[in-house]
Amino acid sequence: MLAVGSPFASVRTSSSCNALLRELQQIWNDIGESEADKDRMLLELERECLEVYRRKVEEAVNAKARLHQSVASKEAEVATLMAALGELSSSSQVEKRSKTLKEKLASVTPLVEELKTKKEERLKQFADIKAQIEKIGVEISGYSNHLNDHTIINSLTLEETDLSLRKLNEYQTHLRTLQKEKSDRLHKVLEHVSEVHSLCGVLGVDFGQTVSDVHPSLERTSVEQATNISNSTLEGLEHTIRTLKAERKTRIQKLKDILTSLFELWNLMDSSHDEKSKFSGITSIVRVPETEVTEPGLLSTETIEQASAEVERLTKLKAGRMKQLVMKRRSELEEICRMTHIEADPSTASEKSNALIDSGLVDPSELLANIEVQIVKVKEEATSRRDIMDRIDRWLSACEEENWLEEYNQDENRYNAGRGSHVNLKRAERARVTVSKISAIVDNLINRTLAWENEKKTMFLYDGARLVTILEDYKLSRQHREEEKKRHRDQKKLQDILLTEKEAMYGSKPSPRKSNSFRKTNGYRANGNGSMTPMPRRNSVGGATPELLTPRSYSGRQNGYFKEMRRFSTPELNLNALVMGRHNGHKRDIRIRKLMQQQQQLCE
């Protein structure tokens, strides 16, 4: 079948019309129609044909218009959907691909359906995201009226003109921001609740009732009820924490005051370990910071009441033992003073305190408080004197080493090979080094003591005597002793020269009897190396070496007390035999006279 409008169809139609027209003319001829009738009927026939063509044209025009409208409507819908979805328009591509209206319509229709499906999916995404946003917003704001899905969708219909991915990303970003804020708020709420729980445990307060007063959801009595994270809940928790911390601080201070009194009473009453162990849990509060007090029930009202009751009980017992306590604390004060070489305050002496308590003139509590103040004062002074006391100990230790070295030098058998002799030799070497530093130690100690006195505006007393005076007396006595040693060393050298000369004159050494006339009677003797070492001291009057004055020799004395210094007795030299040797030569006599003059000068 040939397509309509093709050249072959037009030729066939024309030949058919001509055949029919010839057949119609033949019929008219047979009928005998006139030419006028024939022309009239042919004109009508042409008019009817034109009507048919015209009607068909109009129908075709109407069909074309409808198709064009449909295509335009579909294209407009595509444009709207793509604009709403934020996608680029593809209508120009459709026009390029399609030529006829039916082809355009056929290509646009599935695109419209595809875009509608995409729009519905995008609407669902927006609805889901916005529902989450509004739900989180409700939780953060604290409103209880949740919006239903229909309301959410209706609110979204006003925004269907913009369903682009950009808008969707904005919603998703906003949703993530809210989710993070919700997570942070929830974490903060849980931290606050945990802190409230800890504080309630320490204070012995009902935790459930405390958080329920802020918001019922914080107690989590039901699974369906979500934890409220609104601003009001956070503010309520923060206010509760501040209140509990203030209460904790107040109770800690109250308990510390109670414990201070309790410690004093324990010390005064000599309480047993069992009595103290009952309160071992709360005594740790004195040593730890406020933030580290986390033991449950440690600051409860029951604990504080128990401690207060113990203080009241011990206070009642203290009244009957005040005299014993006063004597005990006075003994402690005297012991501290003895250890630190400080004189105790005589105003609270044991005899005087006993008399005052027995007479009733002084309240034992006031007297005890006075002794406590004196103990604190002595301890503070001992702390300030510690550096000087350490240096005094060092000086005394050096003096002991010096005494030991003197005794060691007097031992005639010290060089004999025996058990422990090498140990003593090493100690003697160390002692000589220590003794050589005594002068520097004393000078440094005097400077330190004077600096301390200038700073404290008072004298540094050691067992009642001024330390500077003790040190100066020690330096003076040490200087005297060194001078005596030097004098006898020089005298011994001179005697050795005289003995040498005598031996040269007589040709032999003097007899033991004669040599004894040159022996010293002043407590010193030769040690074999030309130096003089002191003999052991004796307390008898006449031949003792002067004693070095140290703080220990000053114990119990007042300033201005000095030990009597003794002079060494001048030895009488028997020089008559030397005068007998003039026959050995005039020069030797002159030399002997010079030596005798030098000896006489030394003796004077």
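Predicted model: local features only at pLDDT ≥ 70, side-chain atom pairs only at ≥ 80, totals over all residues.
Helices (H or I, at least four residues) and strands (E, at least two) are DSSP runs, numbered from the N terminus.

Figure 1. Residues are numbered from 1 along each chain as its sequence is written, and side-chain values use heavy atoms, with hydrogens and water left out. Of the 604 residues, 32% are buried (under 20% relative accessible area; exposed is over 50%, partly exposed in between; 1.4 Å probe, protein chains only). The protein exposes about 38500 Å², and carbon and sulfur atoms supply 52% of that area (Shrake-Rupley method, 1.4 Å probe; for residues, only the protein chains shown count as cover).

**Figure 2. Here we look into the largest nonpolar core, which has 49 residues.** Such a core is a set of buried Ala, Val, Leu, Ile, Met, Phe, Trp, Tyr and Cys residues joined through side-chain atoms within 4.5 Å. Leu255 and Leu299 touch the most other members. The elements giving two or more residues to this core are α2 (35–85), α4, α6 (165–203), α8 (231–269) and α11 (301–318). Apart from it lies another core, of 26 residues, among them Met389, Cys399, Ala431 and Tyr462.

Figure 3. Contact means heavy atoms within 4.5 Å.

**Figure 4. Ile140 sits in helix α4 (residues 101–141).** Ile140 counts as buried because its relative accessible area is 11%. Find Leu178 too: 38 residues separate Ile140 and Leu178 in sequence, yet their C-alpha atoms are 8.8 Å apart in space. Beyond neighbours within four places in sequence, the contacts of Ile140 include Leu178, Glu181 and Arg185.

**Figure 5. Follow helix α14 (residues 364–410) from end to end.** With 47 residues, a straight α14 would reach 69 Å at 1.5 Å a residue, but its end C-alpha atoms are only 59 Å apart (the expected span is 1.5 Å times one less than the number of residues). Where does α14 bend? At Arg386, by about 55 degrees (the angle between axes fitted to the seven residues ending there and the seven starting there).

**Figure 6. Ser477 lies in helix α17 (residues 467–506).** Ser477 counts as buried because its relative accessibility is 4%.
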